[in-house]
Amino acid sequence: MMKEKLLRPMSGFWVILLIVVLAGLGIYGAANENAYIAAPAFIVASILCTSITVVQPNNSVVVTFFGKYIGTIASSGLWAVIPFSVRKTVSLRVRNFNSVKLKVNDVEGNPIEIAAVVVFKVINSAKALFDVDKYMAFVEIQSETALRHVASKYPYDSFQVGGMSLRANADEIAKELASELQERLSLAGVEVIEARLTHLAYSTEIASTMLQRQQASAILSARQIIVEGAVGMVDMAIRQLRESGVVELDEERKAAMINNLMVAIVSERGASPVINTGSLY
């Protein structure tokens, strides 16, 4: 594993000043036909020109010399490094990667379409250049691999109370995806700032069927809530009638009243009351 070393290079302005002085000295020697002054001055000035490098803000420059890693310049400005060294610039800016829509099977085997956006930046230039081959391609491949893995661990939608699902637990899924990406991309010196799903849907071949399932599940859930509420209201009505002493209900009348109240509350249509002026017996 490559460890990053931060360089503290010499200011390039002093080296440029020295180059100007040497160039002037070389011109003076050439004008006076003095090769012993002109030739060395021009040669040294030319060598020093190869040491000048410019580092833009939010960039870093990795310096190698004859295949050996010398260090990384992380401060922006004009600098002078070892002459004839090779310098490669790495951007430290925050970047986005939008994955393509992937077709994955969720944990229940249902084919789904899923995509995500990954926000990241390079924090270790040496790792990004030397530990992986083309770190941008590495980020793309590992992001899609992590997205497939996370998507295959959960169902698209959970029909159980409290169950984790890709649709209902977007924040938890995003945190898990970011954590897994960070583990994978730390090898390339990359920090994952955020990872979030941007597209989630059933595949076209099962979309209509799963929509009917979702509608049926919603109807059943609503019915369950209605029934639970109706039972509570009937129990409250009977208890209040008994406590107030308005009427004495035997078991048969109580059953008839419960039946009428349940039908009136649970029915989708408005109840049409029928006044019974006679007796049940």
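Biologist: Leaving aside its neighbours within four places in sequence, with which residues is lysine 5 in contact?

Modeller: The model is a predicted one. Lysine 5 lies in the segment that precedes strand S1 (10-11). Once the neighbours within four places in sequence are set aside, the contacts of lysine 5 are Tyr69, Ile70, Gly71 and Thr72.

Biologist: Is lysine 5 buried, partly exposed or exposed?

Modeller: A residue counts as buried under 20% relative accessible area and as exposed over 50%. The relative accessible area of lysine 5 is 43%, so lysine 5 is partly exposed.

Biologist: Which element gives the most to the largest nonpolar core?

Modeller: The largest nonpolar core has 35 residues, and Val118, Tyr135, Leu177, Leu181, Leu185 and Val190 have the most contacts inside it. Elements giving two or more residues to this core include strand S9 (111-122), helix H4 (135-151), helix H5 (170-185) and strand S10 (190-202). With seven residues, the element that gives the most is H4.

Biologist: Which residues does leucine 185 contact, leaving aside its neighbours within four places in sequence?

Modeller: Leu185 is among the core residues with the most contacts inside the core. Beyond its neighbours within four places in sequence, leucine 185 is in contact with Phe138, Val139, Gln142, Val190 and Val192.

Biologist: How many bridges pair S9 with S10?

Modeller: S9 is mostly covered, as ten of its twelve residues are buried. Strand S7 (residues 95-98) pairs with S9 in the antiparallel sense over four bridges, and four bridges also join S8 to S9, again antiparallel. S9 and S10 are likewise antiparallel, and the number of bridges in that pairing is eleven.

Biologist: Which residue is the bridge partner of valine 118 in S10?

Modeller: Valine 118 of S9 is the bridge partner of phenylalanine 97. In S10, the bridge partner of valine 118 is alanine 195.

Biologist: Which residues make the nonpolar surface patch of about 440 Å²?

Modeller: Tryptophan 14 is placed in helix H1 (residues 12-31). Its relative accessible area is 61%, which means that tryptophan 14 is exposed, the cut-off being over 50%. The patch is made by Trp14, Leu17, Leu18 and Val21.

How values were computed: Residues numbered from 1 in each chain as written. Predicted model: local features only at pLDDT ≥ 70, side-chain atom pairs only at ≥ 80, totals over all residues. Heavy atoms only, no water. Patch = residues over 30% accessible without salt bridge, like charges linked within 9 Å, V, L, I, M, F, W, Y side chains within 5 Å. Areas by Shrake-Rupley, 256 points an atom, 1.4 Å probe, with all protein chains shown as cover. Salt bridge = Lys/Arg side-chain N within 4 Å of Asp/Glu carboxyl O. Buried < 20%, exposed > 50% of the residue type's maximum accessible area, 1.4 Å probe, protein only. Core = buried A, V, L, I, M, F, W, Y, C linked by side-chain atoms within 4.5 Å. Contact = heavy atoms within 4.5 Å. Pairing = 2+ DSSP bridges.
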